Amino acid sequence: MEPYDIDDVDAQLLSLLQKNARYTATELADRIGVSDNTIHNRMQRLEDEGVITGYTTAVDHERTGLSLYFSFICTARISNRSRVAEKAMTIPEVIEVTELMTGQQNLQIKAYGGEDEDITRVAKQLDKLELEINDENLIREERVKPLDYSDLEETQTA
């Protein structure tokens, strides 16, 4: 699949929506300097082209009682890696599985829990899969930011 060629309006739109997907078309139009009709058309095109794949809600898991955020570094046989990753995603506390292109430590699994027992239960469920847990870590804090497509275009043309 060929990359979708985004222009400056698309770049600004993507950057703003990643920061707040609840912006109204009018707010987006005002910030970007185009009409709300342009915003509606651009959003529809970006959705149709598969650039925008959905809209999500950010949840503060700690406020919901899930104050323990864990990372498991695991190794799965390369031939089983994708299947094991899919199985790991069926564990309710697991929120993310990253497959790495390495022979060892090729799965990173992140999970939430409210108590130590929750994470122990997750570890036991992972242990039943065709993988080896190499390391377990309690994550203190994770910093994530949306990709600013406007800044990205500037650095690519410089």
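Figure 1. F70 is buried, its relative accessible area being 12%. F72 is likewise classed as buried, at 0% relative accessibility. The structure shown in this and the following views is a predicted model.

**Figure 2. The aromatic pairs.** Two aromatic pairs are found when the whole structure is searched. One of them joins Y69 and Y112 in a stacked arrangement, with 4.4 Å from centre to centre and 5° between the planes. Because Y69 belongs to strand β1 (residues 68-76) and Y112 to strand β3 (residues 107-113), this pair ties together parts that are 43 residues apart in sequence. Y69 has a relative accessible area of 9% and is buried; Y112, at 15% relative accessibility, also counts as buried. F70 and F72 form an aromatic pair that is stacked as well, with a centre-to-centre distance of 6.3 Å and an angle of 25° between the planes. A pair of aromatic rings is described by two quantities, the distance of the centres and the angle of the planes.

**Figure 3. The four-stranded sheet.** Four strands form an open sheet in the order β2-β3-β1-β4, and their pairing is antiparallel. At the edges lie β2 (94-99) and β4 (131-138), each of which pairs on one side only. From one strand to the next, the twist averages 20°. Strands of a sheet pair through backbone hydrogen bonds, in either a parallel or an antiparallel manner. Strands β1 and β4 run antiparallel and are joined by seven bridges. S71 stands opposite N137, a residue of β4.

**Figure 4. Helices α4 and α5 lying across the sheet.** Helix α4, which comprises residues 81-88, lies across β1, β2, β3 and β4 and runs at about 170° to β2. Helix α5, comprising residues 116-127, also lies across β1, β2, β3 and β4; its direction is at about 15° to β1.

**Figure 5. The surroundings of V94.** V94 is found in strand β2. With a relative accessible area of 6%, V94 is buried. When neighbours within four places in sequence are left aside, the residues in contact with V94 are A88, M89, I109, K110, A111 and V122. R83 is eleven residues from V94 along the chain, and the C-alpha atoms of V94 and R83 are separated by 15 Å.

**Figure 6. Packing of helices α2 and α3.** Helix α2 (residues 25-32) packs against helix α3 (residues 36-48) at an angle of about 105°, and their axes are 8 Å apart. The two helices α2 and α3 are therefore roughly perpendicular to each other. On the α2 side, the residues that meet α3 are A25, T26, L28, A29 and I32; their partners in α3 are D36, I39, H40 and M43.

**Figure 7. The annotated span of residues 6-67.** UniProt, in an unreviewed entry, lists residues 6-67 as "domain: HTH asnC-type". In the model, this span is 53% helix and 0% strand, and the C-alpha atoms at its ends lie 39 Å apart.

Definitions and conventions: Residues numbered from 1 in each chain as written. Predicted model: local features only at pLDDT ≥ 70, side-chain atom pairs only at ≥ 80, totals over all residues. Heavy atoms only, no water. UniProt positions renumbered as here; feature names shortened; annotations may be inferred. Phe/Tyr/Trp six-rings, centres within 6.5 Å; stacked < 30°, edge-to-face > 60°. Buried < 20%, exposed > 50% of the residue type's maximum accessible area, 1.4 Å probe, protein only. Pairing = 2+ DSSP bridges. Axes fitted to C-alpha atoms, helices over the stretch in contact; angles between N-to-C directions. Contact = heavy atoms within 4.5 Å. Parallel < 35°, antiparallel > 145°, perpendicular 65-115°, else oblique.
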